[in-house]
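Visitor: I would like to go through this structure with you, one topic at a time. Could you take my questions in turn?

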Amino acid sequence: MSILNADITHILINDLLSSNGGGPSALLTLASTTRSFRESCLPYLFSEVRWPHKSKADNESGLHFFPEGLWPYIRHFRLEWFDEWTEPTRIKWGTMDKDGNYIPRDLVKFELAVAKMPKLSKVTLSCPFVIPRSLFQSLGLSRSLSAITFIDTPLQIGITSMSPVAFKQISLTPVGQALRIGDGPTDPRFSDITYFIRDWRRKYRSQASWRQVQETQSSIAFVKTHAAHLTHLELSGSLCSFGALSRIDWPCLKTFALTGNAPVTQPYEPPAHVQLFNVLARMDALRDLRLLFSQSKAQEFHILGSDDPPDPAHTAKLATLTDFAISNACKLDGILNYMTSLQRLAILAIVDLPRWPIALGQAEVDRVLTDVAASGCELTDLRIIVEDKLTPDVCWSITSKCPHLQTLEIERCGYHDGKSVSSWQEFLEALSPLSALRDLRICMQFPEYDDVDEFESWRTVRKDCAKALATGLKLLGRVGFEYRKRAGTHRYQDAWLDFVISRRKGGAVELYQLPAMWYPFPEVWESSRLPF
């Protein structure tokens, strides 16, 4: 075993990871067999790590950090501090300053380790306190770091001290941004009332007016520092303004995602859609645009405005996009007509928690498909969240107007089982014209079963349908069905039951169930293993 070819070991490890949906359990078992396998598995087991850990600490030495021997394997470091440690009545691993702000201890252990992490490429920060400048300075000296993400973390001008590092990917999400996408899985902490009433978060909300000004200025200054090298930018509308973004050149930016609330437009400024295109005009390399604003009764974002005909410069920019994701907070205004290069399209339903979004109705879906067909683009990926029950007629409409699809996902917002008026065969016939279809997720309706049925009839009937679709659609490699999953004592949410299709000689089909998957927002194209 000690002389097993390294390439074979690499193939074995990758196969274990893919067959287990990216989970570490099978890899841990392999690593415990021999010293040789342990050494081969360590780079995979510790490529992404989280710190600190509640169970790894003592009063004498404080929070335990990773052994130095593991530092060379770390590629993605997640600094996720626990909210409850900052509560004034039970402070842990930190102190309060004279202004009542939490000051963490032991953060220096990470600061000193950064320089000895030669493969560190990404850092995610989720901290209920203002991160000290000394940590930013340590990160700035990293020679390998290229991506950084801020989640639920107060921002100050100290973030601009990360130098001379040149980031290629930046993601900024403000404190308290909690969104629901369709009626799918949400972070469990958003279901716990204590998340919203933590002392530090209540204090933050009471200072929202001046903090937003400060954080917007800090965010713009930070992204401006790295704009020349950025290829991927995810930015909340609460942390920017179109006016500030339009004064920056973005020569390498390929992916631009705006989330949360749409940026505020002042009365003396041009209309929001004009300002948006002023920003996009500075992004010559842009190919993937995501406008993922949360739905609001008081605000509807018009992308092309009321100009008739629309500005030729605006439609020319739309024609350069290959990937486009948009939420129900935006008016499409016929913009898909002008997207002649479009290859991937996602239309989502997004709203602030605890509300539920309203997705596209049947008439709106028909208009979307008509516009896509009118553009002449060869759409290969379509992901859409709908409000109404799916019928074969909708599938026929999709196949006739988007004949080149390779990936199709139709999700119903608030799915429920019941008596279906259409058979599996009708759906199969409607999808059959998609000769290149390889990945299918569909919200077909199935008979209603008791969710505590020990025979899991709801799962069996979906597996039988998956086999029928796999037999009829010869290139299909993965198929998934929506179902309603219990997410608490009185709470249900939409989820997917996915299968990988394995085809044997002679036409035999075998199905392998995948672990629960989701799209970690604002990712819209590639799903990953559900982390909770």
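Visitor: What volume does the largest cavity have?
Guide: This is a predicted model, in which local features need pLDDT of at least 70, side-chain atom pairs count only at pLDDT 80 or more, and totals for chains, interfaces and linings use all residues. Residues are numbered from 1 along each chain as its sequence is written, and side-chain values use heavy atoms, with hydrogens and water left out. A cavity is a set of points, on a 1 Å grid over the protein atoms alone, where a 1.4 Å probe fits but cannot get out, and its volume is the space filled by probe spheres set on the points, which are joined across faces, edges and corners. For the largest cavity, that volume is about 60 Å³.

Visitor: How many residues of its lining are charged?
Guide: Lining residues have an atom within 4 Å of a point, and here they are Leu360, Gly361, Gln362, Val365, Val386, Glu387, Asp388, Lys389, Leu390 and Val394. Asp, Glu, Lys and Arg count as charged, Ala, Val, Leu, Ile, Met, Phe, Trp, Tyr, Cys and Pro as nonpolar, and the others, Gly among them, as polar. The lining therefore divides into five nonpolar, two polar and, as the number asked for, three charged.

Visitor: Is glutamine 445 buried or exposed?
Guide: Glutamine 445 sits in the loop between β21 (439–442) and α15 (457–472), where helices (H or I, at least four residues) and strands (E, at least two) are DSSP runs numbered from the N terminus. Buried means under 20% relative accessible area, exposed over 50% and partly exposed in between, with a 1.4 Å probe and protein chains only. Because its relative accessibility is 10%, glutamine 445 counts as buried.

Visitor: Which residue forms a salt bridge with arginine 344?
Guide: A salt bridge is a side-chain nitrogen of Lys or Arg within 4 Å of a carboxyl oxygen of Asp or Glu, and the structure holds 24 of them. In the one formed by arginine 344, the closest N and O atoms are 3.0 Å apart, and the partner is aspartate 323.

Visitor: Where do the two residues of that pair, arginine 344 and aspartate 323, lie?
Guide: The pair links distant parts of the chain, 21 residues apart. Aspartate 323, which counts as buried at 10% relative accessibility, is in strand β15 (residues 323–327), while arginine 344 is in strand β17 (residues 344–348).

Terms used:
1 Å grid on protein atoms, 1.4 Å probe; cavity = no way out; pocket = protein on both sides within 12 Å on 5 of 7 lines; lining within 4 Å.
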